[in-house]
Amino acid sequence: KKLILVIYDVTENKRKYKLVKFLEKFGKRVQKSAFEMILDDSGYRRLMCSLPRYIEPEDNLRVYRLPLNGEVTAWGSEITEQEEVIII
């Protein structure tokens, strides 16, 4: 499993809303335009295969795949470890 960080800037609100609803199935929103999730290889592949349908050339979306044992320092609202999500 890896810690996945998704950061986006989608110009059109309707597409942005659809992207947010999709990302909520995988992880937790930690900033207005950022999601964190813990995924195995299968979940990561599903995420990566589906993301392009939500993005147009004028948008910007970045996906960072980080080791779970990496160090994350956060200030502000507490970020709790999320439960594993199984999508069928």
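Visitor: What makes Arg15 and Glu58 a salt bridge?
Guide: In this pair of side chains, N and O are 3.5 Å apart. A salt bridge is a side-chain nitrogen of Lys or Arg within 4 Å of a carboxyl oxygen of Asp or Glu, so Arg15 and Glu58 pass the test. In general, side chains of opposite charge can pair when their charged atoms come close.

Visitor: Before we go on, what kind of model is this?
Guide: It is a predicted model, in which local features need pLDDT of at least 70 and side-chain atom pairs count only at pLDDT 80 or more, while totals for chains, interfaces and linings use all residues. Residues are numbered from 1 along each chain as its sequence is written, and side-chain values use heavy atoms, with hydrogens and water left out.

Visitor: How many helices and strands does the protein have, and what counts as one?
Guide: There are two helices and four strands, in the order β-α-β-β-α-β along the sequence. A helix is a DSSP run of H or I with at least four residues, a strand is a run of E with at least two, and both are numbered from the N terminus.

Visitor: Is Arg15 buried or exposed?
Guide: Arg15 has a relative accessible area of 16%. Buried means under 20%, exposed over 50%, and partly exposed in between, using a 1.4 Å probe and protein chains only, so Arg15 is buried.

Visitor: Why are Glu24 and Lys21 said to be separated by about one helical turn?
Guide: Because they are three residues apart in helix H1. Glu24 is partly exposed at 39%, and Lys21 is partly exposed at 39%. Elsewhere, salt bridges that share partners join Glu12, Arg15, Glu58 and Asp59 into one network. The count for the structure comes to five salt bridges.

Visitor: Where is Asp59, and is it buried or exposed?
Guide: Asp59 lies in the loop between helix H2 (41-50) and strand S4 (60-67). Its relative accessibility is 10%, so Asp59 counts as buried.

Visitor: What does Asp59 have in contact with it?
Guide: Contact means heavy atoms within 4.5 Å. Leaving aside neighbours within four places in sequence, Asp59 is in contact with Asp9, Val10, Thr11, Arg15 and Tyr54. A polar atom of its side chain also lies 2.9 Å from the backbone nitrogen of Thr11.

Visitor: How many aromatic pairs does the structure hold?
Guide: It holds three. Rings of Phe, Tyr and Trp (its six-membered ring) pair if their centres lie within 6.5 Å; planes under 30 degrees apart count as stacked, over 60 as edge-to-face and the rest as tilted.

Visitor: How would you classify the rings of Phe22 and Tyr54?
Guide: Their centres are 4.9 Å apart and their planes are at 25°, so the pair is stacked. Phe22 lies in helix H1 (residues 13-24) and Tyr54 in the loop between H2 and S4, so the pair ties together parts that are 32 residues apart in sequence. Phe22 is buried at 8%, and Tyr54 counts as buried at 14%. Ring pairs link Phe22, Phe26 and Tyr54 into a cluster.

Visitor: What is the relative accessible area of Leu19?
Guide: It is 0%, so Leu19 is buried. Leu19 belongs to helix H1. Not counting residues up to four places away in sequence, Leu19 touches Tyr8, Val10, Leu51, Tyr54, Ile55 and Leu61. Its C-alpha atom is separated by 5.9 Å from that of Tyr54, 35 residues apart along the chain.

Visitor: And what makes Lys32 exposed?
Guide: Its relative accessible area is 68%, so Lys32 is over the mark for exposed. Lys32 sits in the loop between strand S2 (28-31) and strand S3 (34-39).

How values were computed
Polar contact = N/O pair within 3.5 Å; in protein donor to acceptor, adjacent residues only side chain to side chain.
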